[in-house]
Structure formats: C-alpha cells, structure tokens
Amino acid sequence: MLLGQLKKIFGEDPVPRGVLEDREPFELATAALLLELARADFSESDAEVQAIRHLLQIRFELTEEALDVLMVNAAKRADQAVSLHEFTHRLNRELPEADKLQIVEMLWRVSHADGRIDKHEEQLIQRIAGLLHISDRDRVRLKLKVVVDR
C-alpha cells in the first residue's frame, strides 16, 4: 500500500531532474507551493504546517507515511527552486481550472490557518494565482470563502 502510493506520487524517478520537468508530480509541486507560502511571512507556524499536512492528505488520499515522504521531498524541492514557475508551469498547462482553483483555495487555507493572512502571504497567493491564470475575482472569492468558513 505505501509503496504503491509512493510510486503514484513520485513515479520511477522521485527526484526532480530540472526546471519545468515534465515528470514532476502534481502532488510534489502542490506541496512545494504550500510550503513556500508557509515560509512567506518568514516563519512556518505549526498551524500552517498542520494545515498543509491535512490538506495534502485529503486532496491526494495519502497515508501518514506517504505524507511524511511528500513533505520531506517538497521541502527539499522548495529549497532548490529558483522561481515559482518551476511549480506552476506544469500545473497550469495540464490541470483543469477546477483543480487550479482548488490549489488556490488550499493556499488561502494554509495562509489563514494561524488566524490571520499576512501581507507577504497574500502577495504570494496573488502571484501564484496569476501564474495559474486564475482571475482576481476567483482569487478574492476563494479568500472570502476561506475566511468566512473559519
């Protein structure tokens, strides 16, 4: 079970080979974006990390072990990244709009996990949403949805 999930996430080559790599798993790119967001205000709160874990586990139906591996690899990948394009390029090219909207909603949920949305986090979400070709209207709608849901 665990091996199957890990292969699903990472395929045969779990280490990304380069910028805009076609084989970079959607799960890894999404997790790296969420971690980048948690770091945007220069402090990763426990609430944000727990929100990331919860959202990834639900979205990708991961076991705890697979989630742990994904988090470690996403942190390494985020540390290596030169730009957000490395994560958003394939997501934008291959995901339907509904999935891209879900990623933006996940970003808002992580940002608001500690009870506030930092200005650096908001700016990063705006940039990511732009790279995913999500309209300002949808981005703000998702923000309001997250803030009201809390």
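**Exercise 1: H6 against H7**

Work out how helix H6 and helix H7 pack in this predicted model, and which residues make the contact.

*Solution.* Start with the geometry: two packed helices are described by the angle between their axes and the distance between the axes. Here H6 (residues 97-111) and H7 meet at about 175 degrees, and their axes lie 10 Å apart. Next, classify that angle. Anything over 145 degrees counts as roughly antiparallel, so H6 is roughly antiparallel to H7.

Now go for the side chains. H6 brings Val-104, Leu-107, Trp-108 and Ser-111 to the contact, while H7 answers with Glu-121, Glu-122, Ile-125, Ile-128 and Ala-129.

**Exercise 2: the largest pocket**

Find the volume of the largest pocket, then say which residues are closest to its centre and which helix gives the most to its lining.

*Solution.* First, the volume: about 200 Å³. The lining takes 13 residues, and the closest to the centre are Glu-36, Ala-40, Leu-84, Leu-124 and Arg-127. Then look at who contributes. Helix H7 (residues 119-131) gives the most, with four lining residues.

**Exercise 3: the whole chain**

Describe the overall make-up of the protein: its elements, its burial and its contacts.

*Solution.* Count the elements and you get eight helices and zero strands, which read α-α-α-α-α-α-α-α from the N terminus on. Turning to burial, 47% of the 150 residues count as buried. Last, take the contacts between residues at least 6 apart in sequence: 73% of them join residues at least 24 apart.

Conventions: Residues numbered from 1 in each chain as written. Predicted model: local features only at pLDDT ≥ 70, side-chain atom pairs only at ≥ 80, totals over all residues. Heavy atoms only, no water. 1 Å grid on protein atoms, 1.4 Å probe; cavity = no way out; pocket = protein on both sides within 12 Å on 5 of 7 lines; lining within 4 Å. Points joined across faces, edges and corners; volume = space filled by probe spheres on them. Helix = DSSP H or I, 4+ residues; strand = E, 2+ residues; numbered from the N terminus. Axes fitted to C-alpha atoms, helices over the stretch in contact; angles between N-to-C directions. Parallel < 35°, antiparallel > 145°, perpendicular 65-115°, else oblique. Contact = heavy atoms within 4.5 Å. Buried < 20%, exposed > 50% of the residue type's maximum accessible area, 1.4 Å probe, protein only.
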